[in-house]
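Subject: Handing over the two-chain model

Dear colleague,

I am passing this structure on to you, and I would be glad if you kept it open while you read.

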Amino acid sequence: MLQVFQRSNFRFMWATKWFFLAFSFAVVLVALAIILVKGFNYGIDFAGGTAVQVRFSEPPRLDHLREVLDGSGLGDVTLQRIGDPGDNEVLIRVERESGVEATGDEGGNVSEKVLGALRGMEAGQAGAGRADLNTISEPALRDFLAARMPAVQEASSNGAAASNAGLIAQAIIRARNAHKGLFTDMSQVTAVPGVTEPIAVILRDQATIGGFSLRGIDFVGPTAGKELLQNTGWAILGSVFGILVYVWLRFHRIAWGLASIIALVHDVVIAAAAMALTGKDFSLPVVASLLTILGYSINDTIVVFDRIRENLRLYRDLDFERVVNASVNQTLSRTILTSFTVFVAVFALFLYGGEKLNPMSFCLLVGVVFGTYSSVFVAAALLVVAHQFLGSKYVKT
Amino acid sequence: MSLDDVRTRLLIIAGSIALCAYLVYPLSRTINLGLDLKGGIHMVMRVKTDDAIKAEQDLSAERIRASLAEKGMAPSHMETDGGALVFHGIDAAKVGEARSLLRDQFPQFSVEPSGEGGLRLTLRSADEAGIRDAAVRQALETIRTRVDKFGVAEPTIQRKGVGPDADQILIQLPGIEDPERVKDLIGSPAFLEWKLVKVPPGVTTEQFRPPDNPQAVEAAFGGALPADVEILPQEVHGDDGRRFTLYWPVTRSSPITGNDLKNARRDADRFGGPAVNFLLSAEAGQRFQELTRLNQGQLLAIVLDRKIISAPRINAVIAERGIIEGGNFTVESAEDLALKLRSGALPAGLDILEERTVGASLGADSIRQGIVASIIGSVIVILFMLVYYRLAGVNAALVLGINILILLAGMASLRSTLTLPGIAGIALTVGMAVDANVLVFERVREELRLGRTAKAALHSGFAKALSTIVDSNLTTLIAALALLGFGTGPVKGFAVTLSVGILANLLTAVFMSRALFDAWLAVNPRLEKLSI
């Protein structure tokens, strides 16, 4: 039988606990310092501004791109290659302009300016001013075709032409998605089933294959971000309070609730500091993962606390610290195993979940590790400290 | 534990599995994908209701002036002060009479005296709120009509926010990837006006050429524009591709506006280029006829959102039917303009507060990566459980499968939306679901070590782990619910999957895993050694 710790008997309490409490205290202080000094790399969700994600058909030349964007009066622009190098993908982020902040006007048009500037780069090439098959959407393509399919229109009623155009538009957009959202040659379009020669002629004459496709836009105006930060604070406070009350009720004494809440805050502060330290995007999903850490890292604490309570009833005469130490040892296997399974699941997200889930899963990973650590070295240790200094009145259940 | 009891519980499990399978089949139709996965545009817009208030005041100001003039109490001038209209120079002896007259005729204003011969009219707050509310509702209707006519499948267009934020509109358009065109289609007011061009004195209509700066227009009028004339710009594309702006002097008033339109369609001009034809209401048609009859040979500017599209010469008497041409139209822009005109003008401008556009290809990538990561995580977790707990691991794996099935069925029956963070929530649920199994199995091992029989060990293992399992799941649920309460969009999706996952977890860990073990014991009543 495999067993992580069989009848482990580590001395977690006594002098050891002071060492780790001091260590945790120091780590939290450093973590707070990191958060205060370095700060979070707030994503669009909180900082506001515009992010435009674009995929080019050719490897993008960032310096040239920067020149073009700087020339279009957008203010503070940052460029970042993302995804696999072969994807030719760039994230263009435009900070919120101070003027925009004051009025709330025009912020939503920044992405249009960015796209306009990118189109302008291609203006010299053939095809400027035509419908771009790499950025057109399905209804627009349908209208484009319906308006230009006279042959079909004469042959049948108007409605049939429209529905026919609709089907062809759908087929072309599907093919575009199959090509990772970007046609690189007109022959890829004309090869789509349903695109007959007359339609191919229309497309060759009046449409073009642009050099980029739009992968996504995120724009958050000035008011939205502030409100979100506020709501975030309330959600964290609310769940801390909820958990405090729950643990207090379940274990009858407030010391248990306070010990677990201090451990939780310790975990969340460290996870947040890890975000600040690595400079990963601090976005809404990251906040969600901080809250999840709150909810999850209490689990290990509860496993330990449950056992402590059970043992206190069994061994009424034993020294409190001894009971706690024994309980921690008895539950050590499951504390580590339960965290391990969650760690594995989240680690897979971190490695394979893609760009957008990366900051969130990183935050969770840190939280899970420290959540396990703190249930033993912070929560259980604090319970003993409370017992030593406040007396059993506040601790014994 | 009687055999019947075990059979009943197994039947319940089989029934739940069948029900869940029915609820989630086929997955593509029962699970609602969020815009971040299927692609589309999500926008929150704010209706600038101040515009509507301003329009109401402008309209009322004219009528108040006319009303006073009718009774021989014409004010000498008017000014706006904040939100109030202040009329000055009313015959001091008649101020009282004017005040009661206006009170009767314009009950939406409170009328107060303001200095010598002055009256100050302020929009009452209830009426102001009513105008703002009506503007938002009308904007909502207009946007809905425009989106419907553009042909978006399953759009969401609804009012959002409460109290001071009640001027927000949420717009979700699945499958739409060209935000530039959609924003123009939705957000431009599309207020159409016809205005006569006022050529400067000493210049004939034939001679007049609009200059490329507004100062030149003023100069042509001798430095100051007449009170009823304003200057509006026209953007022109030269043959060589250059763009420049011309400035026209036009009448301040608009005899005909977009409100008089009955219909508008994309059409072709004389040369086959794109244009928009229109049909006016019968009453407006008569006014248009009168206007064109009286002003033969003059220029009539067609103005869209304070910009001149074109200013053709009136060569014939035009009634209901006419055409808008010469506006640098493309087939698409003519089609869009016709669509906007058919849908009516927006009562106020729109601000974009938030926009999230996700291309379908990005959404597909997200789904693929999310699913791959979840599967890899699940496989490793299951393998670990099998290696570590052997046959009991099979129990855990089975229960995990049921857990995910229940989670999906819960999502389907709640009609909640699966987002990218939601997929992360599922992966997290996989990791947390086996936690309950670990707690039970470790406890059972402990009991076995104490020398209990397989049956007794299982029994007390489940019993003793129960409170721990409930406690730990409920605390996670507290955090998940806090998240649900504050979260928006994708994060809400994460909170939903997490909450439903926790509940499914409680059900499977406490009830199903136990039932499967009991069934196993019932089949092997003499089981001595547990494979755990």
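What follows goes from the interface between the chains to a few parts of chain B.

Please bear in mind that this is a predicted model, in which local features need pLDDT of at least 70 and side-chain atom pairs count only at pLDDT 80 or more, while totals for chains, interfaces and linings use all residues. Residues are numbered from 1 along each chain as its sequence is written, and chains are lettered from A and ligands numbered from 1 in the order in which they are written.

The interface

Between the chains, 73 residues of chain A are in contact with 72 residues of chain B, where contact means that the C-beta atoms of two residues, placed from the backbone, lie within 7 Å. Several elements of chain A give two or more residues to this side, including strand 7 (212-220), helix 11 (222-251) and helix 13 (284-314); helices (H or I, at least four residues) and strands (E, at least two) are DSSP runs, numbered from the N terminus. Helix 13 of chain A provides the largest share, 13 residues. By type, the side of chain A that touches chain B holds 35 nonpolar, 26 polar and 12 charged residues, with Ala, Val, Leu, Ile, Met, Phe, Trp, Tyr, Cys and Pro counted as nonpolar, Asp, Glu, Lys and Arg as charged, and the others, Gly among them, as polar.

Strand pairing also crosses from one chain to the other, since strand 7 of chain A and strand 18 (residues 350-358) of chain B pair in the antiparallel sense over 5 bridges; two strands pair if DSSP finds at least two bridges between them. Within this pairing, Ile217(A) has Thr357(B) as its bridge partner.

A strand inside chain B

Strand 15 (residues 300-304) of chain B is largely enclosed by the rest of the structure, because 5 of its 5 residues are buried (buried: 20 or more other C-beta atoms within 10 Å of the residue's own; exposed: 12 or fewer; partly exposed: in between; C-beta atoms placed from the backbone). Leu300(B), Ile302(B) and Leu304(B) lie on one side of this strand, and Ala301(B) and Val303(B) on the other. Strand 9 (residues 192-196) of chain B pairs with strand 15 of chain B in the antiparallel sense over 5 bridges, and here Lys195(B) stands opposite Ala301(B). Strand 15 of chain B also pairs with strand 16 (residues 307-310) of chain B, again antiparallel, over 3 bridges, with Val303(B) and Ile308(B) as bridge partners. These two strands form a hairpin with 2 residues between them, and Asp305(B) in the turn has a positive phi of about 50°.

A sheet in chain B

Elsewhere in chain B, 4 strands form an open antiparallel sheet in the order 3-4-6-5. Strand 3 (77-81) and strand 5 (109-113) of chain B stand at the edges, each with a single partner strand, so one side of each is left without a neighbour in the sheet. Strand 4 (residues 84-88) and strand 6 (residues 119-123) of chain B pair over 4 bridges in the antiparallel sense, and Leu85(B) has Leu121(B) as its bridge partner.

With best wishes
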